[in-house]
Amino acid sequence: MTAETDILPTRSKFSAALPSLPWLIMPTLVFIVVAFGWPLLYLVRMSFNEHPAGGIYVEAWTLKNYLVVLTEPNMLSVIGKTIYISLVTAIVTVVAAFFFAQYVWLCDGHNRILLLAIAIGPMLISEVSVIIGWRMFFPSNGLLSYTLMSAGLTDQKVNLLGTELAAVVGLSYISVSYCFFSILSVLNGIDRNLLTASADLGASPARTFFTVLLPLAKGGIAAAFTQAFVFTMGIYATTNALGPDSLWTMPYEIQLQMLTRRNWPMAAAIAVVLIAIIAVAAMGIQWLRHRKGASHV
Amino acid sequence: MNHGENKTGKKTLSRRQLLQAGSVAAGAALLPMPAIIGRAYALDAKDAFKGEELTVCAWSGGYLDSFKTAISDPFNEKYGTKISLVGGWDQMVAQMKAAPAGKPPFDITISEEYTTLGALSEGLYAKTDRSKLPQLADLQPFFLTARPESARDYGVPLGLGFSLPLLNTALTADKPLSWSSMWDKDLEGKLALDAGAYWWLIAISAIWGAKKDFQAFYEWKPKMASDPIFEAVERLRPAKYYKDGAELSFLMLQEQASFAQIYSADALGLVQNGGATFKTGIPADGTVAYGDWYIKVKGTQHDALADAFLGYLLEKETQDRFIQVQMSVMSRKDVTVPAFWHNYPKTNEDLVKNVRLMTMQGLEQLLPNFDAMGERFQQAVLKTSKG
């Protein structure tokens, strides 16, 4: 009898003693239904209510809110801006995270540990602290302006606070660590000798990167992109505090409708559309990833 | 042996002793009652409310700090209570609506006209018995008459808040405090304006930009053939539309703007932090005001204490302390006005003349077009914002 067959009866005994799989899923399932499913259903129901002038909502079944969200030019502009800023942020974040992850992947020893510690950094800082930090960095009396003036690169104060650039930097900073670890986990599964083999066969570094490394890492890139995109779509405070006055995103519009205008049904309809966009985007990215056959990793 | 003792030696109570004991017990039981009806001597009320908790919502930021030092801390000290303060701006109605029945998020809330209108239409407030508040006789009539009769039974007015101009003379030429300055060429790109509660800005523009009265503001409709109010808004070229008091402080102290539309709740703090070059006050051309009323929330479990607190807000000592730390106009006629307050409206006539209150009746008229006004404001921001 082999060692494996020795183990098998023991495993069976354990299996018999354990509850069957559906029972193991139950606690999580109940939690998801109670914590997410029920509020989501309430949100969807709210989106069909009506908003009376001066009040909050009256129960009704109307599609009026969705019609406004999906046809009014102001709302379409808000949806467009949200998708645009999320796409730009996701691209910037994934590119930054990829090159950093690739560098860490190729490092060994203490350097690797140090770089990993740096990568964890942004995860340990709350969104509010990130905002305060960047708000000290970008204004005309901020660190960036003083650095540029001290270095003689400009003779006038530079203000980047309240620009789309500041918003993208702040948003990227929030999701870059998550993207970094998604990509690094995939890179860690790739045999580094493949890069050496590619070079030995005469491929340039650029060709090795585009034809060997990138296809092998596309699973991690897709996951990181989805993460950054989804995060950014839902962030309210950073966009608001660092971006320009006219950068109204869907989360900002939800808060405006919910608190200032007290139009809960409209806020709910925008939230449902936001969830739908995120779901479609996530599924689209997965579809693109699997379109040309199975992933290498 | 006297006649009050029986022959077996057992002590019995005479009718007189029984009546005396009863009187003492009844007196002890009645002692805290005045506190409950809001006219207590401090010692009695202290016994009645000692250790009881009350949650009060007031404006976030500097106002909340002032409220704590001048009102809630002294109240706690006097009555042995535990007042918890929470900050709010425009989310109070949503919070109260979302709370389970009988468990409101706060027992008393600050409530200007827009908040009051929304909360009353949703039935979120509890009435206050005005007959138990003799202090109401010492208030300027303006405060009560400005609210419709149906709303006067809810809460008490502590004072008035204002939309005020703030000028930093270190960054721009010194000029008289006036709303008309907002349209001056030299302030183009140097204004900080409120993006959140934008209707204050629009109201200011209605009066001082478009030369119309408030009625024009209340009667605003989307796609009007002539829209002088928003044309005035669009003539303003701000450096930034700020979204809260913290952002405004940042903009002013970081010298991103030299003139701002601010709220009196933040005014004193900003002037004190900004230094001698920061100038604010009620401008000579008047301003837009909002009532700082405090109202009991329906479902409060501390009804008697809430009433006592509302009564305390109307006391002279309370209002004298508060005006030392806040740029409010207090509701009492006899407050001691501090030196920093220029052009303080001391009489009811001054209030009527210089204060333009955005009334509940007016807002009610505006509400059907409120969303459309918000969208129109966003278009104005798109046209005028630098970002």
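This is a predicted model: local features need pLDDT of at least 70, side-chain atom pairs count only at pLDDT 80 or more; totals for chains, interfaces and linings use all residues.
Colleague: Hi! Which way do the residues of strand β3 of chain B point?

Modeller: I108(B) and I110(B) point one way from β3(B), which covers residues 108-111, while T109(B) and S111(B) point the other way. In a regular strand, side chains alternate between the two faces of the sheet.

Colleague: And are those residues buried or exposed?

Modeller: All of them are buried.

Colleague: Nice. How many bridges join β1(B) to β3(B), and do they run parallel or antiparallel?

Modeller: Two bridges, and the strands run parallel; β1(B) spans residues 53-59. C57(B) in that pairing stands opposite T109(B).

Colleague: What about β3(B) and β9(B)?

Modeller: Those two run antiparallel and are joined by four bridges, with β9(B) covering residues 287-296. Here I110(B) stands opposite Y294(B).

Colleague: Switching to helices: how do α10(B) and α17(B) cross?

Modeller: Their axes come within 9 Å and cross at roughly 30°. That makes α10(B) roughly parallel to α17(B), because angles under 35 degrees count as such. The crossing is right-handed.

Colleague: Which residues meet there?

Modeller: From α10(B), F230(B), V233(B) and E234(B); from α17(B), R376(B), A380(B), K383(B) and T384(B).

Colleague: Last one, over in chain A: how many residues of α5(A) are buried?

Modeller: Zero of its 12, so α5(A) lies largely in the open.

Colleague: And what does α5(A) reach from its first C-alpha to its last?

Modeller: This helix, residues 109-120, reaches 17 Å, close to the 16 Å expected at 1.5 Å a residue.

Methods
Residues are numbered from 1 along each chain as its sequence is written. Chains are lettered from A and ligands numbered from 1 in the order in which they are written. A residue is buried if 20 or more other C-beta atoms lie within 10 Å of its own, exposed if 12 or fewer, and partly exposed in between; C-beta atoms are placed from the backbone. Two strands pair if DSSP finds at least two bridges between them. The expected span of a helix is 1.5 Å times one less than its number of residues. Axes are lines fitted to C-alpha atoms, for helices over the stretch in contact, and angles run from 0 to 180 degrees between N-to-C directions. Angles under 35 degrees count as roughly parallel, over 145 as roughly antiparallel, 65 to 115 as roughly perpendicular and the rest as oblique. A crossing is left-handed if the near helix is turned anticlockwise from the far one by less than a right angle, and right-handed if clockwise. Two residues are in contact if their C-beta atoms, placed from the backbone, lie within 7 Å.
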